[in-house]
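Please open the model in your viewer and keep the selection panel at hand.

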Amino acid sequence: MRTAFSIVVLAVVAVGIGAALLAVPFGSPKTQVGDYYNEHGRAQTGAANMVTSVVVGYRAFDTLGEVTVLFVAALGLGAVLSAAGGRSGRREVQPASLVLLAGSRFLFPMITLFGAYVFLHGHLTPGGGFQGGAVVASGFLLLYLGTRGRRVNRIGSTVAESLSGLAFVVIGLIGLTVGGRYFLSNFMPTGALNTLFSAGIIPLIYIAVGFKVGSELSGVIDDLVEETA
Amino acid sequence: MIVVVASLVAVMLAAAIAALVFRDLLSSVIASCPVSLVASILFLFLQAPDVAMAEASIGAALITAVFVMAIRRTSRYEE
Amino acid sequence: MVSPALLVAVPLGLAFCVPLIGLASRKAARLVPIVACLFNLVVSVRLLSAALEEPIVVSMGGFSPPFCITLYAGPVGLLLSALVALAGLVVSIYAVSYIDKGATTRYHTLYLLLLVGATGVVLTGDVFNLFVFFEVLCISSYALVAYLGDRGGLEAAAKYLVQGAVGSALLLLGIGLLYGQTGTLNMADIAGRVGSVGSASLFVPMALMVVGLGVEAAIFPLNGWLPDAHSSAPSTISAILSGIAIEVGLYAVIRVVFTVFGASSALLSLVFLGVLTLLVGEMCAFVQGNIKRMLAYSSIGQIGLIVFAVSIATAGSVTGGLFQLISHTLSKVVLFLAVGYMIHRSGSTEISSLQGIGKRMPLTSFAFTVAAFSLIGLPPFAGFASKFLIVRGALAEGGTLLSVLVGLVLVGTVIEGAYFFRVIQTIYFGTGEGDAARHESPAIALVSMSVLVALIIVIGVYPSLISDTLNSAASELLQRGAYIRSVLG
Amino acid sequence: MSFLHDYAYYIGAFGLVLIGLLIVLTKHNLIKVIVGLSILDTGINMFLIAVGYIRNGTAPIFSRPGLEAGGMVDPVPQALVLTAIVIGVAVLALALGIAVRLHREYGTLDMRKIKELRW
């Protein structure tokens, strides 16, 4: 019954999506909006990476919402796992093998540094706050593998989460009060293209996003790590 | 070029089907990892290096790790 | 004048502060949602009077409209954001005493973020931004349904999450297809271009978007998650999910169908779906023994009624539908809040265990009764005025088909009356432990409910108070040309 | 061959979407369903990126002089997919958290056996 129903649903969806895909030809230019961004993005936002100029410039409000989604999910995960009868007390710290321990201690600062590089250069090269934050979080993942059961300092990570989110909103509100009086408008000088200190508020927002995503994803990993006790 | 793309797509779909049929959840998750990995290579071919980076670091690495953690705290096999 | 962007930005900033405040004092953290809702209520009402003259369109980041995200603060958006803030305010005052166990700081943060998501959805003028705020709304509701961590809540959250996630995926696919065909994401810009694309290739994106949003709006075949989620969540969250979340989902469906696609041909099927949703919801509610499940199914019925009224797409019926949306929110929030402490005192969710609770909790029972009467559509409460407008609007359109459907709607109302009267009879005339001492809800909960009870009566007696706003809201939904012009100039 | 040339990416995206939906619709184990959701998300992301591609286009980054704005692929879908990936991982993490708690309460993740709420 259920299988037959699923196959019918799937067939309808397949025909529909297939037909719709054929209506969107592959590889041909089709949008004025995208062309406008490629044409004017450098002058209007000062970023060399057009994806960044869209993510943190033209559609920065989406990014604010997206950071919020991650915040909601991390909070919700914490709430679900710590609800009545959830967590069973403290975990025991069990060091893994010496090789893994030494390796993770050696690699962790380098990975974190690389993550910071990725989100600092988001407006120049591929990468940005999300990718950099994910790299930082994978550094934390490695640290967990090295010392099984160790927990990050939750108060520190709560403060990092909240302050980076707040920084994003405050940057937006400053844009509302100075300059063009638009929420999230780029009120700082855009500088010379392809230099580190350019593109106005874009690097600042990406730093906030990097911290936010990094602390959020680390928190998710911390919540889900097996309790060894 | 097209041969490379077509074979990558084939690998990706094969990995997804493997994730569908495996009864062992751990194998299923490990099989879905190449889906993200190949997708990230295809994103690179489609001139989307930003997305390729995000897909590789989040989709292939972090999600797999999070799945493995969750499976360790639950049960490994589908009943 | 204040920018409508503050309606999203200020509560969001406060939500980011709540964990920090919670580190210092858990008691202070629960006051933050009250402050945020109060701010939003005041700003929305002040902007609403300006928006009646001319909708306020602000672009984010200061770029020109089709190239940036716009917020469209017209009568519909501001009316709904005021409603979100009002319901949010009442429920957060109630929650001060009601939510006392578990990770309360996380609860209050998630609750505030749910309201931010709802406000963002009703104000945005961009389809992808709609998706993002919709996700904020949905994900915080998944987490809040599971908040108590009991078996029922976890099961309901798991079902809700899987169905909601598939819905969101379909929505995103629909947005992608739409972008592939029109090359833009701004709602007004899309609305201006769909005419030149051809309706056949637009059908799939529209169907995907309506299905994706319809999961949250609980339109008939997509509402399997709702009774479980609304009945297993804490009562405050049930109130918000029933009173805010599904209405916002419904708003998104209406906005997509009416403004983005302007699909008048899809409306007839929505009329049928609405009546079907109504009848299914009311009939399922009738057979429930669990009071919260009964209220949850009644929400499905009411959503069906609103879909029916709005899809007729005449000025009168859309006005009636929006009015019904408001009166449903007011009543359903009161019902869930009242039931929250009734369940707390009687120790069971079964209707039969509420016998004689009218003597133990007279004020709470009074609030319940007023809200139930309003929901059924008895004068002089708000629900009467709204149902009257719907019936009048539908009959004015004429046609045998519509008359038959109106008859079915009235049948649904009769069923609704039957099960609510059964509950009210049990509450007041049941022969339970009639001698038990009076044990009223806490004062703060009674104060919060009394605000909405007063509004239900005031709006019921003077419907003209909001009729101007409703009329211009209806014309905003019906006149696509004006919408496009006010965004793109 | 020219069909493949035009539609290889679409076939990949379409296949992933269908396989993802198939897993969600037919499997009963919650973690398996979540695996299906992640495959579904990847398929949709693949489709969005393919929509923005322009034949022989370059990545939309002015990393070296001499790049023309006209020959660049559309940056908008890439921005959307970045957002969608992060939203996807957020939903996934929450879903897995709920799965872990469900398993502790019921001792199983089979949704057919977890039904206390029917009527």
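The stops that follow move from chain A, through chain B, to chain C.

**Chain A and its confidence.** Bear in mind throughout that this is a predicted model. Select chain A and colour it by pLDDT: the average is 80, and 89% of the residues score at least 70. Within this chain, confidence is highest in α4(A), at a mean of 89, and lowest in strand β1 (residues 94-95), at 64.

**The side of chain A that touches chain C.** Now display chain C as well. Here 51 residues of chain A are in contact with 52 residues of chain C. On the chain A side, select α1 (2-22), α2 (32-45), α3 (50-58), α4 (60-82) and α7 (154-177), each of which supplies at least two residues. The helix that gives the most is α4(A), with 15 residues. Colouring this side of chain A by residue class shows 27 nonpolar, 19 polar and five charged residues.

**Chain B.** Hide the other chains and select chain B. Its secondary structure consists of three helices and zero strands, in the order α-α-α along the sequence. The C-alpha trace spans about 40 × 25 × 10 Å along its principal axes. Chain B has 79 residues, of which 53% count as buried. Of its contacts between residues at least 6 apart in sequence, 46% join residues at least 24 apart.

**A helix pair in chain C.** Return to chain C and select residues 75-98, helix α4(C), together with residues 104-123, helix α5(C). How do their axes cross? The two axes come within 8 Å and cross at roughly 170°; α4(C) and α5(C) are therefore roughly antiparallel to each other. To see the contact itself, show Gly77(C), Leu80(C), Ser81(C), Val84(C), Gly88(C) and Ser92(C) from α4(C), which meet Tyr111(C), Leu115(C), Ala118(C), Thr119(C), Val122(C) and Leu123(C) from α5(C). The residues of this contact comprise seven nonpolar, five polar and no charged.

**Helix α17 of chain C.** Finally, select residues 382-397 of chain C, the 16 residues of α17(C). From first C-alpha to last, this helix reaches 23 Å, close to the 22 Å expected at 1.5 Å a residue. Its buried residues include Ala382(C), Gly383(C), Lys387(C), Leu389(C) and Ile390(C). The last stop is Gly398(C), which follows α17(C) and has a positive phi, near 75°.

Notes: Residues are numbered from 1 along each chain as its sequence is written. Chains are lettered from A and ligands numbered from 1 in the order in which they are written. This is a predicted model: local features need pLDDT of at least 70, side-chain atom pairs count only at pLDDT 80 or more; totals for chains, interfaces and linings use all residues. Two residues are in contact if their C-beta atoms, placed from the backbone, lie within 7 Å. Helices (H or I, at least four residues) and strands (E, at least two) are DSSP runs, numbered from the N terminus. Ala, Val, Leu, Ile, Met, Phe, Trp, Tyr, Cys and Pro count as nonpolar, Asp, Glu, Lys and Arg as charged, and the others, Gly among them, as polar. A residue is buried if 20 or more other C-beta atoms lie within 10 Å of its own, exposed if 12 or fewer, and partly exposed in between; C-beta atoms are placed from the backbone. pLDDT is the predictor's confidence in each residue, from 0 to 100. Axes are lines fitted to C-alpha atoms, for helices over the stretch in contact, and angles run from 0 to 180 degrees between N-to-C directions. Angles under 35 degrees count as roughly parallel, over 145 as roughly antiparallel, 65 to 115 as roughly perpendicular and the rest as oblique. The expected span of a helix is 1.5 Å times one less than its number of residues.
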